Amino acid sequence: MTKPKLLIVEDDPALATQLRWAFPDCRVVIAGDRAQAKQLAEKEQPAATLLDLGLPPDPEGVTEGFATLEVLRRQAPGMPVVVCSGQGQRENMLRAIALGAYDFCEKPVDLAVLRTVVDRALRLRELEEENLRLAAMPRTSPVRDIITANEPMLRICGTVERLAQVSVPVLLLGESGTGKEALARALHEMGPRAKARFVPINCAAIPEALLESELFGHERGAFTGAVRQVTGRIEAANNGTLFLDEVGDLPASLQAKLLRFLQDQVIERVGGRTPIRVDVRVVSATNQPLEEQTETGRFRADLLYRLNSLTIRVPPLRERGDDPLLLARWFLARYAREFSRRIRGFDPSATQAIQAHPWPGNVRELSNRVRRGALMADGQLVTAADLELSEPDPAPEADLDIRAARLRAERSALERALARSNGSLTMTARLLGVSRPTIYALLDSHGLSGGRNYFEPPATPPENQK
Ligand SMILES: Nc1ncnc2c1ncn2[C@@H]1O[C@H](COP(=O)(O)OP(=O)(O)OP(=O)(O)O)[C@@H](O)[C@H]1O
């Protein structure tokens with residue numbers, strides 16, 4: 001466990017050193033005056049502060065100490081400050097408490113008492129941080145690995161929790177990356193089958209020729225190269241759960257065989273004659289419209305009815321309200337910890353971009369972008385550029401500002417005319433129906449004149465330039 005950081009604000013170096021040794025379980029940082037205290041409180045983010053009220057330039061009085069207390073309270077309102085002051089200064093102590101100090105100690109300090117007071121302050125801080133962390137967490141979904149505050153998603157999690165107790169087949173429908181496999185795992189792990197295995201198989205990723213033997217296993221000599229008996233994934237999932245991902249890609253020949261297994265809970269290995277009884281729960285997932293595929297004959301309707309006793313439609317991320325931001329913050333905290341990076345959060349450009357992006361790759365895309373952002377961020381805040389997201393257009397309110405709208409339209413027309421006329425101002429002026437002096441004024445007002453020569457066309461047309 002990392003030691004908590006303690007800021008000691010004390011102008012007497014000998015006493016400061018003595019105090020440093022008094023707290024071997026803390027990482028102690030020492031400030032000698034208000035400015036240093038302010039700077040260290042910001043930079044080091046200590047868990048608590050021990051503050052001497054007699055600080056320069058008023059070491060005999062308390063004005064500077066109180067000023068420092070106020071600065072610290074403003075800067076880090078959650079950080080407990082323990083105040084030290086000379087004997088008999090009861091009024092000062094009460095004033096310090098009124099100003100938000102956590103506790104006080106009289107000088108000369110009794111180190112044992114001081115340690116107890118500081119320990120209590122640190123403990124309080126720890127509890128408060130834990131509370132904040134819990135409060136910041138979304139209304140926890142009953143499914144451990146699914147983070148959401150979106151009502152429909154929370155309902156889905158509730159359904160999953162209930163369905164985990166029974167063995168009916170469940171079909172999960174939804175776009176790629178929406179969390180179908182995570183929900184399938186939850187169906188397994190939250191129910192009585194958790195003791196046995198959860199066996200996933202991606203029906204689209206395994207070549208058709210191998211898929212049958214992967215699912216059902218094979219006997220020795222069943223085909224060329226079958227040198228030994230192999231059990232398939234269905235058998236491996238006995239007493240557990242088989243997760244058929246991309247079930248819409250199951251070839252027709254296997255659809256019939258899978259149907260038999262679903263009806264009777266009996267399989268035969270490829271090349272074998274002995275029926276093997278299994279007890280397997282089947283959860284399947286697809287992002288294809290299976291109903292439509294039954295109409296074209298691409299997918300067997302009787303198999304679909306077996307698979308979809310219960311269907312759960314998992315909404316895409318863009319339809320889950322504030323979930324993108326919530327998940328982004330959650331992933332950022334996770335990756336910052338994983339990569340040991342001191343990152344505080346997203347800057348406004350990132351927050352806006354996260355809210356505006358349509359997330360075609362859903363939670364998987366979001367997780368990947370945030371992982372990249374956590375690695376790439378230069379400072380303590382992740383920007384839209386770190387996430388490789390473009391900053392959204394100005395807020396819709398800005399569109400209502402007629403002057404701003406006019407300026408945007410003007411700039412856009414100017415840029416297009418410049419591009420079309422290859423930088424020639426004469427032609428730009430003609431295209432826009434204004435005089436050349438007006439063009440100069442426009443270029444100036446839009447900050448487009450600096451460093452570029454618009455008088456002559458560039459030697460190479462822009463599209464050919466590297
Ligand atoms: N709500 C969520 N909270 C936290 N992590 C999530 C959430 N939804 C998905 N994930 C994570 O996002 C990743 C992608 O999810 P998952 O593989 O379950 O999606 P999928 O719908 O099965 O995708 P595909 O159809 O492409 O297989 C996984 O790492 C998963 O743990």
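**Entry 1. Helix H3**

I looked up the buried residues of H3 and found Gly65, Phe66, Thr68, Leu69 and Leu72. I call a residue buried if 20 or more other C-beta atoms lie within 10 Å of its own, exposed if 12 or fewer, and partly exposed in between, with C-beta atoms placed from the backbone. As a reminder to myself, an α-helix has 3.6 residues a turn, so residues three or four places apart point the same way.

I note that this is a predicted model, in which local features need pLDDT of at least 70 and side-chain atom pairs count only at pLDDT 80 or more, while totals for chains, interfaces and linings use all residues. Residues are numbered from 1 along each chain as its sequence is written.

On the face of H3 turned away from the buried side I found the exposed residues Thr63, Arg74 and Gln75. H3 spans residues 63-75, which is 13 residues. From first C-alpha to last, H3 reaches 18 Å, close to the 18 Å expected at 1.5 Å a residue; the expected span is 1.5 Å times one less than the number of residues. Helices (H or I, at least four residues) and strands (E, at least two) are DSSP runs, numbered from the N terminus.

I then asked what covers the buried residues of H3. The cover includes strand S1 (5-9), helix H2 (34-44), strand S3 (48-52), strand S4 (81-86) and helix H4 (90-98).

**Entry 2**

I traced an open sheet of 5 strands in the order S2-S1-S3-S4-S5, with parallel pairing. Two strands pair if DSSP finds at least two bridges between them. Strand S2 (27-31) and strand S5 (103-107) stand at the edges, each with a single partner strand, so one side of each is left without a neighbour in the sheet. On average, neighbouring strands of this sheet are turned by 20 degrees against each other, direction ignored.

S3 and S4 run parallel and are joined by 4 bridges. Thr49 has Val81 in S4 as its bridge partner. H3 packs on the sheet, where it touches S1, S3 and S4, and its direction makes about 165 degrees with that of S3. For such angles, axes are lines fitted to C-alpha atoms, for helices over the stretch in contact, and values run from 0 to 180 degrees between N-to-C directions.

I checked S4 for burial: 5 of its 6 residues are buried, so S4 is largely enclosed by the rest of the structure. The chain crosses from S3 through H3 to S4 in a right-handed β-α-β crossover, meaning that, with the strands pointing away from the viewer, the path from the first strand over the helix to the second runs clockwise. S4 and S5 also run parallel, joined by 5 bridges. The bridge partner of Gly86 in S5 is Lys107.

**Entry 2. Thr17**

I located Thr17 in helix H1 (residues 13-22). Thr17 counts as partly exposed because it has 14 C-beta neighbours inside 10 Å. Thr17 and Val28 lie 11 residues apart in sequence and 9.9 Å apart in space, C-alpha to C-alpha.

**Entry 3. The sheet with S7 and S14**

I traced another open sheet of 5 strands, in the order S7-S10-S13-S6-S14, with parallel pairing. Strand S7 (198-202) and strand S14 (310-313) stand at its edges, each with a single partner strand, so one side of each is left without a neighbour. Strand S10 (residues 241-245) pairs with strand S13 (residues 281-286) in the parallel sense over 4 bridges. Thr241 has Arg281 in S13 as its bridge partner.

I found Asn202 in strand S7. Asn202 is partly exposed, with 15 other C-beta atoms within 10 Å. Leaving aside neighbours within four places in sequence, Asn202 is in contact with Asp245 and Glu246.

**Entry 4. Totals**

I recorded 19 helices and 16 strands for the protein. Of its 466 residues, 31% count as buried.

Key: Contact = placed C-beta atoms within 7 Å.
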